[in-house]
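Subject: Structure for you to look at

Dear colleague,

I am handing over the structure we talked about, and you will find the sequence and the coordinates just below. After them I have set out what I found, in the order in which I would look through it myself.

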Protein chains: 2
Amino acid sequence: MIHILYAGPQADWDMYKKCMECALDVHTLNVHISPDIPPDQVAYIIYSPDGPVQDFSIFPNLNVVFNLWAGVERVVNNPTLNVPLTRMVDPGLTEGMVEWCVGHVLRHHLGMDAHIVNPSHEWAPKAPPLARWRKVTVLGLGELGGAVARALAALNFQVSGWSARAKDIPGVTCYAGGDLASVLEDSEIVVLLLPDTPDTVNVLDAETLAYLAPGAAVINPGRGPLIDDDALLAALESGQVGHATLDVFRAEPLPRTHPFWQRPNVTVTPHIASTSRPETTSAVIAENLRRAEAGEPLLYLVDRARGY
Amino acid sequence: MIHILYAGPQADWDMYKKCMECALDVHTLNVHISPDIPPDQVAYIIYSPDGPVQDFSIFPNLNVVFNLWAGVERVVNNPTLNVPLTRMVDPGLTEGMVEWCVGHVLRHHLGMDAHIVNPSHEWAPKAPPLARWRKVTVLGLGELGGAVARALAALNFQVSGWSARAKDIPGVTCYAGGDLASVLEDSEIVVLLLPDTPDTVNVLDAETLAYLAPGAAVINPGRGPLIDDDALLAALESGQVGHATLDVFRAEPLPRTHPFWQRPNVTVTPHIASTSRPETTSAVIAENLRRAEAGEPLLYLVDRARGY
């Protein structure tokens, strides 16, 4: 019997229990998974850095720690950890991000809100332009941004993308480095999927927002600090930005007094665009557990010297 | 100088003027297009059956009538018409339909409405399932339905489709003929793109709505009579259907007293999913004008004996 300690979010335990048992069945391992296992029996830990375990020294028979997050910065330097650590690379993360982004781009493209909220029951048959005439910009063309840009191009949008390093994505006009004037100019919908680094803070500010087509939509499923909130609010007030759909914020949950909640032309979604789902992460952990038991190399093993 | 009479909708004239001039420029024809041309000068007519022209006998020098609609049933038997008639096959129609359908499927899939309308500013980070776990059914796999099914499959939805004749669409489970129980069973989102025929009237009625997963979304960009309105209203009331997004109706504009306007779980869009746009239809007409002037065979020529 292999004992696996679940040290992830309490709220997700029921789902993880089902999904891990389902995923592990595939490999016919004889496992016991629980949030409550005597420390000396624990062979593996399913781990989130904000969970109940901070001191790994109490687990004398620990083999591997499976981090549930892509980021390991809050565990990689833990001095009590001296077994292999894996980070999460969740195939569902990209799929979910593509679905959220394409959905909200199409929502703005189609002008859906005017039909979803139509208290005067107005029948005004004005068709939107076709996607092939709509300029959409994706800032950030990494794993997530690249997939989003490809999906939008497949729907015929005129997609431009920008990234620090040059990329080549069929159907997407790719810009690398340099200023944002060319890529943002006349863009009607912009999607932010840049990482949060010193270079990307406030990438959308008063100057860059002014490049967009008047009334453009800003969609941010990336990171809160990518946007200068005051500049965005001013642009929403002036009409330079017609609508913002924001999934990430400098403080989360978004404080109830934040002006984003008050503006009719802002949609707040509660950091759901990029979410790991137990159904997909369980399969990754199950595969790594199988590998560990079989003595095979682990997937997504963290190099602790490099820190990731 | 070639004189082209614009006999389409008055509201679209400005757009057609620009778009036709733009499209015709390509072929460097010397044309004059106007809604007001002396009848004996008219060489071509851009035509809609509900427009100002019903009597073609007043145009002695007419060469071709370019119908703006796909349907020609209101002009094909006009006894005063004795020149070739073309129907419209608009490449933009399919693109627009795919965009509208994929947008509304993603809207329901993602549960967007709860964020678009969120007066209590609730922050409830519950991510939707991935598309790969979402069963979507497309009824009708013709030009439009097939394209919609393919686009949804490309986004990883579990797509089933149904059509009178057997189809083979990669990534789509295709059913042909027979009853709808198998294809609708447990479907969470259903899109109606069947033609309006005696066989398809009320294809969604009390019996077939009951096959759907409880709380399913019904999306109708096809034809109004495909749905038994009273059965749908009952299912919306009971919760068997969670939401309906309807673009077409038995009477249009949808009468202001119709119960669909009153229900919070119905979204009415004003017959915009399948709209011809001057930008795309102009290019088709321009190409046919070029062909007519060059003595080449016309595209989409109506066989008046067959009636289409």
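**Salt bridges within a chain**

A:Glu287 and A:Arg290 join their side chains in a salt bridge, with 2.9 Å from N to O. Please keep in mind that this is a predicted model. Both residues belong to helix α9 of chain A, which runs over residues 278–294, and they stand 3 residues apart, about one turn of the helix. In an α-helix there are 3.6 residues a turn, so residues three or four places apart point the same way. A:Glu287 is buried, at a relative accessible area of 18%, while A:Arg290 counts as partly exposed at 24%. The pair belongs to a network of salt bridges that also links A:Arg291 and A:Glu296.

Over all chains, the structure holds 16 salt bridges. Another of them is formed by the side chains of A:Arg134 and A:Glu188, at 3.0 Å from N to O, and this pair links distant parts of the chain, since A:Arg134 sits in the loop between α3 (113–116) and β6 (135–139) of chain A and A:Glu188 in the loop between α5 (181–184) and β9 (189–192), 54 residues apart. A:Arg134 is buried, with a relative accessible area of 13%, whereas A:Glu188 is partly exposed at 26%.

In chain B, the side chains of B:Glu188 and B:Arg134 likewise meet in a salt bridge, at 3.0 Å from N to O. B:Glu188 lies in the loop between α5 and β9 of chain B and B:Arg134 in the loop between α3 and β6, so the pair ties together parts that are 54 residues apart in sequence. B:Glu188 counts as partly exposed at 25% relative accessibility, and B:Arg134 counts as buried at 13%.

**Where the two chains meet**

The contact between the chains involves 54 residues of chain B and 54 residues of chain A. The area buried between them is about 4,400 Å², and carbon and sulfur atoms give 71% of that area. Of the area that chain B buries against chain A, 18% is supplied by B:Glu99, B:His121 and B:Trp123, more than by any other three residues.

Between chain B and chain A there are 2 salt bridges; B:Glu95 forms a salt bridge with A:Arg132, and the closest N and O atoms of that pair are 2.9 Å apart. The count of residue pairs in polar contact between the chains, with both residues at pLDDT 80 or more, is 12. On the side of chain B that touches chain A, at least two residues each come from α2 (91–110), α3 (113–116), α8 (259–262), β12 (266–268) and α9 (278–294) of chain B, and α2(B) gives the largest share, 14 residues. By class, that side has 26 nonpolar, 16 polar and 12 charged residues.

How are the two copies related? A rotation of 180° with 0.0 Å of shift along its axis superposes chain B on chain A, with an RMSD of 0.1 Å, and that is the relation of a two-fold axis. In chain B, the C-alpha of B:Gly103 is the one nearest the axis, 2.9 Å from it. Because 100% of the interface residues of chain B are also interface residues in chain A, the copies meet through the same surface.

**Two places inside chain B**

Helix α7 of chain B covers residues 229–238, and its buried residues are B:Asp229, B:Ala231, B:Leu232, B:Leu233, B:Ala235 and B:Leu236. These pack against α6 (206–209), β10 (216–220), β11 (241–246), α8 and β12 of chain B. At the N-terminal end the helix is capped by B:Asp228, which has a side-chain oxygen 3.1 Å from the backbone nitrogen of B:Asp230, and α7(B) is followed by B:Gly239, whose phi is positive, near 95°.

B:Asn67 is buried, with a relative accessible area of 1%, and a polar atom of its side chain lies 3.0 Å from the backbone oxygen of B:Gly71. Leaving aside residues up to four places away in sequence, B:Asn67 touches several others, among them B:Tyr47, B:Pro49, B:Leu85 and B:Met88.

With best regards

Conventions. Residues are numbered from 1 along each chain as its sequence is written. Chains are lettered from A and ligands numbered from 1 in the order in which they are written. This is a predicted model: local features need pLDDT of at least 70, side-chain atom pairs count only at pLDDT 80 or more; totals for chains, interfaces and linings use all residues. Side-chain values use heavy atoms; hydrogens and water are left out. Buried means under 20% relative accessible area, exposed over 50%, partly exposed in between (1.4 Å probe, protein chains only). A polar contact is a pair of N or O atoms within 3.5 Å; within protein, one must be able to donate a hydrogen and the other to accept it, and residues adjacent in sequence count only if both atoms are side-chain atoms. Contact means heavy atoms within 4.5 Å. Buried area is the accessible area (1.4 Å probe) that two parts lose on being put together, summed over both. A salt bridge is a side-chain nitrogen of Lys or Arg within 4 Å of a carboxyl oxygen of Asp or Glu. Helices (H or I, at least four residues) and strands (E, at least two) are DSSP runs, numbered from the N terminus. Ala, Val, Leu, Ile, Met, Phe, Trp, Tyr, Cys and Pro count as nonpolar, Asp, Glu, Lys and Arg as charged, and the others, Gly among them, as polar. Copies are superposed by least squares on the C-alpha atoms of residues with pLDDT of at least 70 in both.
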